[in-house]
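Subject: Structure handover and notes

Dear colleague,

I am passing on the structure we spoke about, and my notes on it follow below. Please read them alongside the coordinates.

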Amino acid sequence: MKKLIIALCILANMGFAYAAEPVQPYEPSTEAKLQYNQGVDYYKVGQYDQAMAAFRQAITLDPNYIDAYYNLGSILEYLRQDEAALAVFKQVIVRKPDDYESVYKAANLSYKLGLTDKAKTYLSLIPPESTVYSSAKALASNLNTDMQTIKAQKEQETKPVQIEQTNGMYNNIPSPTGITTDGSGNVFVACFSDNMIYKISPDGKKVIFVKTPKLNGPIAMASDAAGNIYVSNYNADNVIKITPTGEITTLVSNIKKPYGMHIKGNLLFVSSQGSNSVLRYKL
């Protein structure tokens, strides 16, 4: 993989190297590949700005091009643009949570930026069988702790909270439509006319989770095991995905008047009132 070439070159320049995580086969679009290969060529001759521009173009053409994100983040890290590098590695983790090399890089960058809690959160995701586990242990030591303690603390923090098992009412929600929940006991309610989503915590506290022009007539909602929320955008004729941190992407375009929604395993089902059909989409 070209990802490996760049990663090892950069790490060698920094004075250390470790084996890269195995990556799952992925076939990006031809146009994205051309930009990616051009980025690699620019990198080899030290033209980092041109390399980054090519990798960004590859990502624009194919938003799930993991290696393009990785190489872009690695160059930014090498150039000590730590905040920008962290933002890129976050995009890798959103798309491929088991890319533990990127998870470690996010942890290390968070540590360098003084984001101790974030660094620990990323470290807690790295399993002992990962090839970066020894590096993760060393970073944990720099944080004056160890991997076992970090994992125990994070497990306690993320322990699912039960929604209160009594009758009751959530009031003052304008034009409520879709409802879903997450593993922490939060309730999410879509508001059709106001184009927003409320988040109601287990103690009943209500806050605006998302309010953006990208929401346009939200109807149904569903959530997956990772805490991502999917919304049928009735007036926009699309389905959007919202990560637990509030990042929004368009998952499905050109679906006429999406309405009902259901998730089963890794399959998303969406009813389309405008085409009298039901879409089946693999997540």
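Predicted model: local features only at pLDDT ≥ 70, side-chain atom pairs only at ≥ 80, totals over all residues.

Residues are numbered from 1 along each chain as its sequence is written, and side-chain values use heavy atoms, with hydrogens and water left out.

The protein holds 9 helices and 11 strands, where helices (H or I, at least four residues) and strands (E, at least two) are DSSP runs numbered from the N terminus. Of its 283 residues, 43% are buried, meaning under 20% relative accessible area with a 1.4 Å probe and protein chains only (exposed is over 50%, and partly exposed lies in between). Among contacts (heavy atoms within 4.5 Å) between residues at least 6 apart in sequence, 41% join residues at least 24 apart.

The axes of helix H6 (residues 100-112) and helix H8 (residues 133-142) come within 11 Å and cross at roughly 20°; axes are lines fitted to C-alpha atoms over the stretch in contact, and angles run from 0 to 180 degrees between N-to-C directions. H6 and H8 are therefore roughly parallel to each other, a class that takes angles under 35 degrees, with over 145 roughly antiparallel, 65 to 115 roughly perpendicular and the rest oblique. On the H6 side, Tyr-104, Ala-107, Asn-108 and Tyr-111 meet Ser-135, Ala-136, Leu-139 and Asn-142 of H8. The residues of this contact divide into 5 nonpolar, 3 polar and no charged, with Ala, Val, Leu, Ile, Met, Phe, Trp, Tyr, Cys and Pro counted as nonpolar, Asp, Glu, Lys and Arg as charged, and the others, Gly among them, as polar.

Strand E6 (residues 229-233) has 5 of its 5 residues buried, so it is largely enclosed by the rest of the structure. Ile-229, Val-231 and Asn-233 point one way from E6, whereas Tyr-230 and Ser-232 point the other way.

E6 pairs (at least two DSSP bridges between strands) in the antiparallel sense with strand E5 (residues 218-223) over 4 bridges, and Asn-233 is the bridge partner of Pro-218. E6 also runs antiparallel to strand E7 (residues 238-242), joined by 5 bridges, and here Tyr-230 has Lys-241 as its bridge partner. The hairpin of E6 and E7 has 4 residues between the strands, and Asp-237 in the turn has a positive phi of about 55°.

Best regards
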